[in-house]
Amino acid sequence: AVRAARFNADGNYCLTCGSDKTLKLWNPHKGTALRTYQGHGYEVLDAAGSFDNSQICSGGADKAVALWDVTTGQVVRKYRGHAGKVNCVQFNEEATVIVSGSIDSTVRCWDCRSRRPDPIQVLDEAKDGISSVKLSAHEILTGSVDGRVRRYDLRTGQLCSDYIGSPITSVCFSKDGQCVLAASLDSTLRLLDKDTGELLGEYTGHRSTTYRLDCVLNEQDTHVGCASEDGHVYFWDLVEGSLALSLPVGQGVVQSLAFHPRLPCLLVATQGQVTLWREDTFQPE
């Protein structure tokens, strides 16, 4: 099974990782596999590329966070400290820090440049596993199985917490940085105002009751999308809340979802395969 499919920073390449303990780098627009990265002891659950495409971070069920050199294919460093499997990883903007979230209820921040084995910070406010982590220039956004979306503002040193009530499977920022999208196991997607926590929209129609499924916003913030356990991907109009699109992807659960950073192009993983969806007029850069 493919556990995660992720575009790189400019959307020209993508990473996939999964049950075979490996990560793979692809050119998704040509469908060519460029490299396989081996070094995790168990299935790999998430991966992310650095802004300059020189490094990859990954996290897996072996409780480890790995930093990879893209060109050599080697593990540069392995960070051990999580007490359970690592569900999600992200680089900060400069790719100097890796932020990882784990089933052990903590978020840990690892310095990529130092040789210290311990994290530079541990965020342990969550009462249950961390399912999703996203970063902006100065914020860490987390979603947890305890039903809370937490946002750490690193400039002011403040924590804002919003209670959704149902276990959260995925969170993300809108492109304009004003809103937060959260998917949860009550088969509902919620759009929150980032600063006030006000509920701006609810989106339903997909099925999400058991698995950790991704939610996304499209490249223009006009539509919100979510993976579903019925083999489809659903998109809703952000403002109206009406269902705009239902993509039949496959038979099983749609494991992962990623939207191109700047163009109408979608990466979907279900079971052992990854599919790329785009408009007929699409031109890769």
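## Annotated repeats

In this predicted model, residues 37-78 form a span that is 0% helix and 57% strand, and its end C-alpha atoms lie 14 Å apart. For residues 1-36 the corresponding values are 0% helix and 61% strand, with the end C-alpha atoms 16 Å apart. Both spans carry the annotation "repeat: WD" in an unreviewed UniProt entry, which also places that annotation on residues 79-111.

## The sheet from β5 to β8

Four strands make up an open sheet in the order β5-β6-β7-β8, and their pairing is antiparallel. The edges are taken by β5 (44-49) and β8 (75-80), each of which has a single partner strand, so one side of each is left without a neighbour in the sheet. From one strand to the next, the twist averages 20 degrees.

Strand β1 covers residues 2-7 and is mostly covered, with five of its six residues buried. Its antiparallel pairing with β2 (residues 14-18) comprises five bridges, and in this pairing T16 of β2 is the bridge partner of A5.

The two strands β1 and β2 form a hairpin with six residues between them. In the turn, G11 adopts a positive phi of about 85 degrees.

## Cysteines without disulfides

The structure holds zero disulfides. C14 is accordingly in no such bond, and the nearest cysteine sulfur, which belongs to C265, is 9.3 Å away. With a relative accessibility of 2%, C14 counts as buried, because the cut-off for that class is under 20%.

Definitions and conventions
Residues are numbered from 1 along each chain as its sequence is written. This is a predicted model: local features need pLDDT of at least 70, side-chain atom pairs count only at pLDDT 80 or more; totals for chains, interfaces and linings use all residues. Side-chain values use heavy atoms; hydrogens and water are left out. UniProt positions are given in the numbering used here, feature names are shortened, and annotations may be inferred rather than shown by experiment. Two strands pair if DSSP finds at least two bridges between them. Axes are lines fitted to C-alpha atoms, for helices over the stretch in contact, and angles run from 0 to 180 degrees between N-to-C directions. A disulfide is a pair of cysteine sulfur atoms within 2.5 Å. Buried means under 20% relative accessible area, exposed over 50%, partly exposed in between (1.4 Å probe, protein chains only).
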